[in-house]
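Open the model in your viewer and keep the selection panel at hand.

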Amino acid sequence: MQVNGVIIEDTFAEAFRMWASRLIVTAIDEEWVRIAATTVSGYGTSVIGCDAEVGVERWLSPEETPDGRPGVSLLLFSFNADGLRKAVPNRTGQCLMTCPTTAVYDGLPYAAITPGDEAARIDLGKRLRFFGDGHQKSKQVVVVAAQPSAISDQPSAILAARRFWRVPVMDGEFTCEETVGAVKAIAGGNILVCGRDQAGTLKATRRAVEAIAPMPDVIAPFPGGIVRSGSKVGSRYKGMFASTNDEYCPTLRGRSKSKLREGVGCVYEIVINGLTAAAISRAMRTAISAACECDIIAVSAGNYGGKLGKFHFKLHEVMA
Amino acid sequence: MKYTIHYRSSNRLPTLVDGSFLRPDTLCTVDREAFAATPIPIGRTSVRLDEVFAIGGPEPSPTPFLLVMDTPPLDRLGANMAHGKLVVFRDVGDELGASMSGGHIRVLGNAGHRVGGPDHASRRGMTGGEILIDGDAGDYAGFLMRRGLIAIAGRCGKSPGYRMLAGTIALLTDALDAPGIEMQRGTILCLRGLVDASNAAPLAASHLAEGGEVAASAMPAMLLVLRRLQDLRWPLVAPLDAARATKARWRIASGDRFEHNKGEVLQCLV
């Protein structure tokens with residue numbers, strides 16, 4: 001298969017089950033929203049070494065946020081709901097409560113009003129309120145989510161009031177939703193952009209990341225959305241779960257088994273985590289189409305022979 | 001389901017006083033026959049609802065919805081209601097939404113005393129839901145209120161938020177007679193500044209401790225309340241302006257002094 005003269009390899013991206021929460025963070029202006037988003041998503045690239053995979057889903061206009069200030073929608077992924085129970089309050093407490101003027105709201109308010117296997121509630125303001133040392137207050141307000149999403153965030157017919165904690169801080173109050181929703185989600189959708197050199201491949205990969213940036217329900221959690229150290233499972237060293245994906249390293253061509261086509265001198269990966277398989281598939285298609293507008297040789301995908309994850313995104317089906 | 005009712009003014013029945021039977025959550029979930037046959041207690045006897053009111057509907061509605069087009073000013077309207085929507089186009093009597101726990105009440109006329117207060121001997125007023133009044137309200141609005149929102153667009157009687165436990169009361173008047181006497185927690189918002197930019201005088205009340213002023217953005221939870229009022233298009237006469245709402249300041253007073261100053265009276269300045 002070819003798109004715009006670029007070869008689409010007959011392979012698949014292998015993704016696996018994770019859990020996700022969505023936080024809506026607002027601040028006094030776009031600058032502080034950006035700082036808050038950058039800080040809270042720091043060291044949140046891969047659960048191989050981080051507590052959660054965190055990224056910006058979408059930037060929100062004042063009309064789209066609960067309090068009418070500029071905001072951002074963030075997705076946080078962890079292996080299970082318990083992982084999110086640690087990561088979400090820790091990151092919020094250290095990176096958002098400390099950030100000037102911010103407020104934190106639940107982006108999945110209709111998830112798990114009755115907890116079950118598919119969704120859960122995570123205590124957030126309920127834990128962080130104790131920072132208020134007795135001066136904290138709560139406020140219940142009916143807030144209608146304005147954000148479109150594939151996850152069934154349909155406002156129910158009877159609008160229940162949501163509870164927010166108001167923790168007094170030195171610039172006013174830190175407002176934080178009492179609990180946030182967590183849902184089953186998918187992580188590890190990916191594409192490999194194979195180009196001639198660093199500059200050209202980076203340009204194509206950046207264009208692909210920019211194309212998926214406004215898409216709902218997905219994030220690309222790595223630096224600037226791009227991974228240069230794609231990994232394989234296992235290592236020749238004891239205790240290493242992952243090591244470099246030598247089949248795609250251009251400097252190892254000739255020394256170890258290579259999957260690189262003739263002329264490929266650089267490969268970048270975009271990892272896509274999403275709330276649903278459909279959202280990941282849509283984002284992969286958009287990313288591949290955008291990358292193929294540039295001068296690259298092939299697009300491939302990373303997998304582990306189908307052994308690790310139960311979600312397989314076949315490139316030819318995604319582009320069909 | 002949605003039902004619309006009109007009072008039949010020509011009937012020869014004794015004057016109705018108690019309106020607590022007008023609850024959308026119980027009335028608007030039954031078919032028209034059962035709705036029409038709902039007994040209305042009058043003295044020791046009762047009459048059918050359709051003897052007193054002309055009925056329109058039912059129409060499909062995602063939430064139980066009772067529209068009262070014409071009625072004498074009944075007391076205890078929406079008392080104890082748990083969900084659904086009640087809209088009244090006329091004045092109502094005392095104890096509107098007494099001890100209600102959820103749902104939404106909108107009154108386009110005036111309301112009497114103890115809006116959202118306790119029903120009968122209950123020690124708590126409303127524990128949830130929203131009451132919006134486009135006209136005036138009587139004394140002690142939010143008496144013993146525990147949760148929820150009361151918004152009054154017109155004038156307001158003695159001590160709104162009297163002995164309130166928690167919750168939110170939004171007012172559009174600055175002419176307040178001793179707001180929040182013996183309030184334990186909760187918020188009373190004076191939003192006059194949003195519709196009239198003239199700088200209001202500080203609330204002089206000996207039971208309140210004066211705080212300073214902060215930017216509206218310093219209290220995002222209050223922006224949520226303003227946003228909700230805007231979504232509900234309250235008040236109809238002067239829609240709140242979002243840009244001004246986010247640029248506004250709050251003048252903070254806390255009280256009651258004898259209740260550890262945990263309640264707050266916030267005056268909006270633009």
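A domain, as the word is used here, is a part of the chain whose bounds come from an automatic or database domain assignment. The model is a predicted one.

**Stop 1: the two domains.** Select residues 2-14 together with 185-319 of chain A; these make up domain 1. Then give another colour to residues 19-183, which form domain 2 of chain A. Taken over C-alpha atoms, the centres of domain 1 and domain 2 of chain A are 30 Å apart.

**Stop 2: where the domains meet.** How many residues of domain 1 of chain A are in contact with domain 2 of chain A? There are 19, and they touch 20 residues of domain 2. About 1,400 Å² is buried between the two domains of chain A, and carbon and sulfur atoms give 67% of that area. Now pick out Asp217(A), Ile219(A) and Leu275(A): they supply 39% of the area that domain 1 of chain A buries against domain 2, more than any other three residues.

**Stop 3: a helix pair.** Select residues 198-212 of chain A, helix H4, and residues 277-291 of chain A, helix H5. Their axes lie 8 Å apart, at an angle of about 140°. Angles over 145 degrees would count as roughly antiparallel, so H4(A) and H5(A) are oblique to each other. Their crossing is right-handed.

Show the side chains at this contact. On H4(A), select Ala204(A), Arg207(A), Ala208(A), Ala211(A) and Ile212(A). On H5(A), select Ala283(A), Thr286(A), Ala287(A), Ala290(A) and Ala291(A). Eight of the residues in the contact of H4(A) with H5(A) are nonpolar, one is polar and one is charged.

Methods
Residues are numbered from 1 along each chain as its sequence is written. Chains are lettered from A and ligands numbered from 1 in the order in which they are written. This is a predicted model: local features need pLDDT of at least 70, side-chain atom pairs count only at pLDDT 80 or more; totals for chains, interfaces and linings use all residues. Side-chain values use heavy atoms; hydrogens and water are left out. Axes are lines fitted to C-alpha atoms, for helices over the stretch in contact, and angles run from 0 to 180 degrees between N-to-C directions. Helices (H or I, at least four residues) and strands (E, at least two) are DSSP runs, numbered from the N terminus. Angles under 35 degrees count as roughly parallel, over 145 as roughly antiparallel, 65 to 115 as roughly perpendicular and the rest as oblique. A crossing is left-handed if the near helix is turned anticlockwise from the far one by less than a right angle, and right-handed if clockwise. Contact means heavy atoms within 4.5 Å. Ala, Val, Leu, Ile, Met, Phe, Trp, Tyr, Cys and Pro count as nonpolar, Asp, Glu, Lys and Arg as charged, and the others, Gly among them, as polar. Buried area is the accessible area (1.4 Å probe) that two parts lose on being put together, summed over both.
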